[in-house]
Amino acid sequence: MEFLPLLSAIATVATILLFLTGSQICKQIISQGNTKNVAMFPFLSMFVSATFWLKYGVLKDDGVVMLVNATGMSLGAIYLIIYYYYAANKEYVYRLWAYASLVLFPILGYIKFVVPDNATALNHLGLVCSVGCILMYGSPLVSVSQVVRNRSTEYLSFPLCLANFLVSGLWFIYGRMVADTVIQIPNFIGSMLGLLQVLLFAIYPSGAARKYDMSGSGSII
């Protein structure tokens, strides 16, 4: 078990660095003075996902999961505040927050007040966390059809795809070592999705087709 503290530290640092990629987007927002061509959803999904995982870590009494996701939740909140401040369409921000609240608070309330015991709470919340994790890791795949059609990976961010592959792989190993299937399963799937995304860069080099301006696609990467 001597390897576990080292693995925990590496996975923690790698995940926090992945969370910090949002700071570059916020820097862009501040520099241009508005949120044009920047989507709010990735910041919001980061906040909601980290909040669920933080609650899971508390129920599981897993300090590593708590530390990582307390950081992710805090950074997500900061990014959302910056986005709100510079957003011209405040009604759009309120609407997305309302949708997120309809997911976040009922689930947390259910876990807190309805579920009869800790084991059931872990199972139910773990399922929510797993689904959210898989969706997050697979989100770059929405551009795969464009990649295949144009035979170019201009539509994907290689650093993001590689980071997703490495981070999910680290958490899969961590899940194996602490015997937690809720951490294992989504991160195994995430590592496979990340590997697929990375392989696309070998199959379709970014220079294989002309560049397209995807600045209006809503992607924050």
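User: Why does Asn187 count as buried?

Analyst: The relative accessibility of Asn187 is 4%, and buried means under 20% relative accessible area, with exposed over 50% and partly exposed in between (1.4 Å probe, protein chains only). Asn187 therefore falls in the buried class. Please note that this is a predicted model, in which local features need pLDDT of at least 70, side-chain atom pairs count only at pLDDT 80 or more, and totals for chains, interfaces and linings use all residues. Residues are numbered from 1 along each chain as its sequence is written, and side-chain values use heavy atoms, with hydrogens and water left out.

User: Which residues does Asn187 touch, not counting residues up to four places away in sequence?

Analyst: They are Cys133, Tyr137, Ser168, Trp171 and Phe172, where a contact requires heavy atoms within 4.5 Å. Asn187 itself belongs to helix H9; helices (H or I, at least four residues) and strands (E, at least two) are DSSP runs, numbered from the N terminus. Between Asn187 and Ile134 the C-alpha distance is 7.4 Å, although 53 residues separate the two in sequence.

User: What makes Ser130 count as buried?

Analyst: Its relative accessibility is 13%, so Ser130 counts as buried. Ser130 is placed in helix H6 (residues 118-138). Apart from neighbours within four places in sequence, Ser130 contacts Trp53, Val182 and Pro186.

User: Why is H3 called roughly parallel to H5?

Analyst: Two packed helices are described by the angle between their axes and the distance between the axes. The axes of helix H3 (residues 41-60) and helix H5 (residues 90-114) cross at roughly 10° and come within 10 Å. That angle makes H3 roughly parallel to H5. Angles under 35 degrees count as roughly parallel, over 145 as roughly antiparallel, 65 to 115 as roughly perpendicular and the rest as oblique. The axes are lines fitted to C-alpha atoms, for helices over the stretch in contact, with angles running from 0 to 180 degrees between N-to-C directions.

User: Which residues in H3 and H5 meet?

Analyst: H3 contributes Leu44, Phe47, Val48, Thr51, Phe52, Lys55 and Leu59. H5 contributes Leu96, Trp97, Ala100, Val103, Leu104, Ile107, Leu108 and Ile111. Leu108 touches Thr51, Phe52 and Lys55, residues up to four places away in sequence being left out.

User: Why are Asp61 and Ala179 called exposed?

Analyst: Asp61 has a relative accessible area of 64% and is therefore exposed; Ala179, at 60%, is exposed. Asp61 lies in the loop between H3 and helix H4 (63-86) and has a positive phi of about 60° although it is not a glycine. Ala179 lies in the loop between helix H8 (158-177) and H9, and its phi is also positive, about 55°, although it is not a glycine.

User: What makes Leu195 partly exposed, and which residues form the nonpolar patch on the surface?

Analyst: The relative accessible area of Leu195 is 32%, so Leu195 is partly exposed. Leu195 lies in helix H9 (residues 181-203). The patch consists of Ile185, Phe188, Ile189, Met192, Leu195, Leu199 and Ile203, with about 600 Å² of accessible area together. Patches are made of residues with over 30% relative accessible area and no salt bridge: like charges are joined within 9 Å, nonpolar side chains (Val, Leu, Ile, Met, Phe, Trp, Tyr) within 5 Å. Accessible areas come from the Shrake-Rupley method with a 1.4 Å probe; for residues, only the protein chains shown count as cover.

User: How many helices and strands does the protein chain have?

Analyst: The protein chain has nine helices and zero strands. Buried residues make up 41% of its 221 residues. Of the contacts between residues at least 6 apart in sequence, 76% join residues at least 24 apart. The chain exposes about 11800 Å², of which carbon and sulfur atoms supply 68%.

Methods. Salt bridge = Lys/Arg side-chain N within 4 Å of Asp/Glu carboxyl O.
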